[in-house]
Amino acid sequence: PYSSVNSTAIAERVSRVLAAKTASNLTYDQLATSLGVTNAYAAQLLLGQAKLTQSTAFKLQEALPTISDHDLQSMQNDFPFRSFD
């Protein structure tokens, strides 16, 4: 049922997005404030556990300028990825 989910591509995107956050020197609290969301939701966005809205995507690109357009698009179009052990 989940064969269309490319977990490797999602993991690679999460790694790039977290690198962009690290490069920005922002905490999750600071990032959340700039996005107008909670820090938990900001973390879920970066970890691919929540879907990014278009309005938040613009704010995220301003907050993390090194994030790629492709990754932003993927965060908006791909289904959130959650796994359970």
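1. The buried residues of helix 1 pack against helix 2 (28-35), helix 3 (39-46) and helix 5 (69-77). Contact here means heavy atoms within 4.5 Å, and helices are DSSP runs of H or I with at least four residues, numbered from the N terminus. Please keep in mind that this is a predicted model, in which local features need pLDDT of at least 70 and side-chain atom pairs count only at pLDDT 80 or more, while totals for chains, interfaces and linings use all residues. Residues are numbered from 1 along each chain as its sequence is written, and side-chain values use heavy atoms, with hydrogens and water left out.

2. Which residues of helix 1 are buried? They are I10, R13, V14, V17, A20 and K21, where buried means under 20% relative accessible area, exposed over 50% and partly exposed in between (1.4 Å probe, protein chains only). These residues lie on the same side of helix 1, because they cover an arc of only 120° around the axis; the arc is taken from the directions between the helix axis and the C-beta atoms. T22 and A23, on the other side of helix 1, are exposed.

3. Just after helix 1, N25 has a positive phi of about 60°.

4. Now to the charged pairs. Two salt bridges turn up in a search of the whole structure, each defined as a side-chain nitrogen of Lys or Arg within 4 Å of a carboxyl oxygen of Asp or Glu. One joins R13 to D78, with the closest N and O atoms 3.7 Å apart. R13 is in helix 1 and D78 in the segment after helix 5, so this pair ties together parts 65 residues apart in sequence. R13 counts as buried at 6% relative accessibility, whereas D78, at 35%, counts as partly exposed.

5. R16 and D71 form a salt bridge through their side chains, at 2.7 Å from N to O. Because R16 belongs to helix 1 and D71 to helix 5, the pair ties together parts that are 55 residues apart in sequence. Here R16 counts as partly exposed, at 41% relative accessibility, while D71 is buried, with a relative accessible area of 3%.

Key
Helix = DSSP H or I, 4+ residues; strand = E, 2+ residues; numbered from the N terminus.
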